[in-house]
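Please keep the sequence and the 3D view at hand while reading.

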Amino acid sequence: MTDTILIVDDEEGIRSSLAGILEDEGYRTVCAADGFEALALCKRELPGLVLLDIWMPRMDGLETLKQLKEQHPDLNVIMMSGHGTIETAVKSTKLGAYDFIEKPLSLEKVVVSVENALAMTRLKEENASLRGMVLQSHEMIGSSAAMLRLKEQIEMVAPTNASVLITGENGTGKELVARSVHYHSQRRDKPFIEINCAAIPEELIESELFGHERGAFTGAVSQKKGKFDLADGGTLFLDEIGDMSLKTQAKVLRILQEKKFERVGGTRTLEVDVRVVAATNKHLEEEIRNGAFREDLYYRLNVVPFKVPALRERRDDIPLLAEYFLSAYCNREGRELKRIVPEAMETLKRYDWPGNVRELKNIVERLVIMTSGGTITVNHLPDYYRGEAAGREGGAGRLDSVLELSSLREAREEFEKEFIIQKLEENDWNVSRTAEAIELERSNLHRKIKSYGIDIKK
Ligand SMILES: Nc1ncnc2c1ncn2[C@@H]1O[C@H](COP(=O)(O)OP(=O)(O)OP(=O)(O)O)[C@@H](O)[C@H]1O
């Protein structure tokens with residue numbers, strides 16, 4: 001909590017009078033009688049600011065400051081001392097103290113210093129969240145001919161109310177395209193609601209989409225609005241629409257045709273004005289032939305087809321995206337901007353990126369965190385990124401490299417990824433069948449496929 005102030009002083013009188021003054025100013029205070037107590041308190045609940053006496057028995061203020069800053073580098077500390085010498089003031093500043101006030105304490109000075117320090121804390125927090133925001137921005141990076149054409153198409157189609165079907169492999173940026181359609185439309189000030197049809201168990205999807213009335217099924221203890229309700233006036237993004245059951249497809253079709261629907265367990269017909277943008281990595285024509293997707297819904301959605309090209313089909317965008325993510329992650333981590341040497345960039349350009357932009361984003365994040373110097377060279381890249389034999393062909397060989405990893409978490413993740421790829425291959429890339437074979441919930445497998453950036457081959 002930003003506005004809790006921890007007062008650390010061995011004199012009870014000073015602790016209580018400071019607490020009184022600060023509480024009158026509207027702050028919450030907690031007190032500690034020495035450095036050990038202060039460190040323990042900060043572990044339990046981090047205050048917004050610490051007022052720390054220098055002369056204390058057992059552990060003095062400077063040592064306490066040192067340990068506090070080691071454990072909580074962003075914590076602001078104001079030092080207090082009755083025997084203030086320039087030397088201790090300099091030492092405190094070097095250890096990272098924000099300010100230094102002399103005893104006897106002047107009420108006015110304490111309050112001003114506290115206000116300034118808390119304002120500084122807030123600024124630091126704002127700064128950190130602004131830095132993180134670049135990574136959540138919806139800017140579509142790319143200047144390859146394919147991406148420029150896509151952006152042009154978006155700008156033309158977005159202002160109309162036409163439904164849109166976005167196709168492309170996993171991680172190519174389909175969701176980004178959907179958001180871009182929304183932000184270029186008249187609906188931009190209304191909600192953009194998304195739902196991943198593959199991640200939600202089949203029996204819950206209707207209630208997620210259309211909502212339910214109280215008592216519609218066991219567990220429906222109150223009425224709940226569905227995504228169509230929530231998106232009224234705005235855009236609903238139906239991700240992985242190829243995983244929707246035929247029954248749900250029929251209901252979605254009705255909304256597209258009549259703008260009407262009923263909640264699960266309800267009789268009242270509701271009307272909504274929702275633009276549907278759908279996405280899939282499946283070949284829906286094939287699904288239609290197999291009887292798994294409604295042809296009428298397909299034509300209704302596919303008025304304007306958007307195809308997001310795989311990253312290996314627009315290699316010119318790789319350096320641009322890599323630099324963009326590099327700068328965003330260095331910024332987020334508060335590190336100086338690193339440089340990818342030309343040879344390493346060439347390696348990235350040659351690699352086939354089965355997980356597309358998501359895989360590139362993940363690897364850049366890993367490189368920013370794992371490399372200590374200012375440059376990223378070929379040696380920092382995973383082995384399988386080098387040479388033509390990239391991607392999943394390396395299967396068995398790559399498992400050997402799991403043994404070279406030092407952390408159990410990394411090794412477990414690497415093994416899990418390889419295992420899933422292998423099993424998908426054995427089951428013709430059919431997610432439901434693979435889930436059954438490895439005894440995992442389908443939605444769970446889908447989540448793993450997505451987070452590992454595995455591209456579902458047809
Ligand atoms: N052109 C781009 N510019 C910047 N970031 C991008 C671009 N394309 C994709 N990304 C980023 O890559 C990640 C994956 O993109 P997104 O989720 O849109 O892909 P997707 O095709 O919807 O994936 P899936 O099919 O797995 O749902 C996201 O973090 C997204 O912000």
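Two strands are said to pair if DSSP finds at least two bridges between them. The structure discussed here is a predicted model. In this model, strand β7 and strand β10 (residues 235–239) run parallel and are joined by five bridges. The points below describe the sheet that contains these strands, and then a single annotated residue.

**The five-strand sheet**

- The sheet is open and consists of five strands in the order β7-β10-β13-β6-β14, with parallel pairing.
- Its edge strands are β7 (192–196) and β14 (304–307), each of which pairs on one side only.
- On average, neighbouring strands of this sheet are turned by 20° against each other, with direction ignored.
- N196 has D239 in β10 as its bridge partner.

**The helix on the sheet**

- Helix α7 (residues 174–183) packs on the sheet and touches β6 (164–167), β7, β10, β13 (275–280) and β14.
- The direction of helix α7 makes about 165° with that of β13.

**Residue D53**

- D53 lies in strand β3, which spans residues 49–53.
- An unreviewed UniProt entry carries the annotation "modified residue: 4-aspartylphosphate", and this annotation covers D53.
- Is D53 buried or exposed? A residue counts as buried if 20 or more other C-beta atoms lie within 10 Å of its own; D53 is therefore buried, because 25 other C-beta atoms lie within 10 Å.
- When its neighbours within four places in sequence are left aside, D53 is in contact with V8, D9, D10, G61 and M80.

Key:
Residues numbered from 1 in each chain as written. Predicted model: local features only at pLDDT ≥ 70, side-chain atom pairs only at ≥ 80, totals over all residues. UniProt positions renumbered as here; feature names shortened; annotations may be inferred. Helix = DSSP H or I, 4+ residues; strand = E, 2+ residues; numbered from the N terminus. Buried ≥ 20, exposed ≤ 12 C-beta atoms within 10 Å, placed from the backbone. Contact = placed C-beta atoms within 7 Å. Axes fitted to C-alpha atoms, helices over the stretch in contact; angles between N-to-C directions.
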